Amino acid sequence: MYTSRERVNLALSHQEPDRIPVDLGGSLGTGMHVSIVYRLRQALALDPPGTPVHVIEPYQMLGEIAPDLMEALGSDVVNLPGAKNLFGYANEGWKPWVFFDGIPMLVPEAFNTEPEPNGDVLMYLEGDRSAPPSGRMPKGGFFFDTIVRQPPLDESNLKVEDNLEEFGPISAEDLDHFKQEAERLYTETDKSIFAGFPGTAFGDIALVPAPWMKHPKGVRDIEGWYAITASNPDFVRGIFERQTQIALANLARIHAAVGDRIAAVWVSGTDFGMQNGPFISPRAYRQIYQPYQRRINEWIHQHTSWKSLIHSCGSVRMLLDDFASADFDILNPVQCSAARMDPAELKAAYGGRLTFWGGGVDTQRTLPFGTPDDVRREVRERIKIFGPGGGFVFAAVHNIQACTPVENVLAMFETVREYGRYPLQA
């Protein structure tokens with residue numbers, strides 16, 4: 001019997017441990033909406049009725065996957081969080097809040113719990129209402145949408161430094177946070193530690209509007225960012241070049257603080273895929289993104305034992321050779337429902353080069369809208385395909401969303417527990 005840490009390390013080395021490792025909540029792309037965490041804890045009798053769940057990521061309204069829930073579901077991965085969330089404030093000073101559907105939760109002190117007259121909830125940076133809000137949860141919604149606050153642009157006078165405001169030397173406070181949390185998680189648990197460190201994602205569209213900054217300058221509009229990438233790639237490359245230099249210096253300081261306690265690191269969350277194909281050509285990816293991603297990954301592989309993960313939703317089959325050539329070790333979330341993302345073909349073509357972290361069950365259709373039998377069938381199929389030879393960490397395809405039937409979530413984890421042991425019997 002392996003520990004969780006040993007189990008994940010073997011899988012990442014493309015070896016078969018005692019069972020397929022499982023991730024729930026190890027990253028901000030493998031978590032669960034707070035309402036489902038609440039209902040799941042109730043179904044497992046982990047809490048008395050009405051016990052609130054902590055919201056540990058307000059942007060997507062992800063609930064805390066506490067140690068007792070991790071043990072109940074067999075999760076092997078724990079997240080090393082940053083000191084602040086995407087809205088720029090710390091998860092501290094907890095206070096109660098209730099969703100429109102009555103789900104009780106605890107939110108950080110700076111979380112705005114007062115709806116607008118129309119029922120929308122606006123999110124203010126660091127809880128400061130003197131600055132424009134950067135997020136909106138529509139009345140009856142389940143998470144926040146970004147509010148773009150881009151000032152008028154003069155495209156003939158773009159300044160690279162305006163899009164570098166959020167990048168800079170990591171603070172002593174943040175370094176100390178990472179050091180202490182890494183040590184705590186390493187000594188107090190046997191879980192594999194997953195981390196995401198600032199500044200390594202190039203052009204991640206969730207980060208471009210900078211929802212944690214009060215008055216961001218530069219190109220901050222989502223549509224405008226994609227347009228400028230096509231119309232002025234030299235400007236974008238100028239941002240990425242400076243960002244790379246800053247990120248490499250920060251990574252050296254971070255590694256000195258946390259060492260090799262980390263198993264895997266989220267390097268890129270930039271989505272390159274749509275449902276039917278990539279929205280950037282392989283040539284454009286190689287010219288604009290790959291050189292900078294490769295420099296980050298090469299540093300990681302030369303100086304640490306960490307494995308490097310790229311998170312890219314959608315149909316990215318046409319880019320997988322380039323991802324591998326950029327020295328990524330892990331692909332997530334493995335959206336098998338997208339075009340040309342057949343799991344058997346992915347495993348056959350890339351099973352020796354990439355670890356598939358995700359792909360366990362479709363969170364767009366099967367998990368929220370299928371029956372428990374549909375879920376069991378799909379999970380067994382994915383175990384059978386992705387499991388042989390290691391190189392597979394089981395997780396749903398992205399975060400488990402609100403309104404997902406709890407019986408389907410339970411069916412997913414029960415099936416992994418039953419069929420995920422080596423030698424595989426799925």
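Phenylalanine 144 is buried, with 3% relative accessible area (buried means under 20%, exposed over 50% and partly exposed in between, with a 1.4 Å probe and protein chains only). Phenylalanine 111 is buried too, at 1% relative accessibility. The model is predicted: local features need pLDDT of at least 70, side-chain atom pairs count only at pLDDT 80 or more, and totals for chains, interfaces and linings use all residues. Residues are numbered from 1 along each chain as its sequence is written, and side-chain values use heavy atoms, without hydrogens and water.

The structure holds 27 aromatic pairs. Rings of Phe, Tyr and Trp (its six-membered ring) pair if their centres lie within 6.5 Å; planes under 30 degrees apart are stacked, over 60 edge-to-face, and the rest tilted. Phenylalanine 111 and phenylalanine 144 form an edge-to-face pair, 5.9 Å centre to centre with 75° between the planes. This pair links distant parts of the chain, 33 residues apart. Phenylalanine 111 lies in the loop between strands E5 (104-107) and E6 (121-123), phenylalanine 144 in the loop between strands E7 (135-137) and E8 (145-146). Helices (H or I, at least four residues) and strands (E, at least two) are DSSP runs, numbered from the N terminus.

The rings of phenylalanine 356 and phenylalanine 386 have centres 4.9 Å apart and planes at 40°, so this pair is tilted. Phenylalanine 356 lies in strand E13 (residues 355-357) and phenylalanine 386 in helix H12 (residues 372-386), so the pair ties together parts 30 residues apart in sequence. Both phenylalanine 356 and phenylalanine 386 are buried.

One aromatic cluster includes Phe202, Trp225 and Tyr285.
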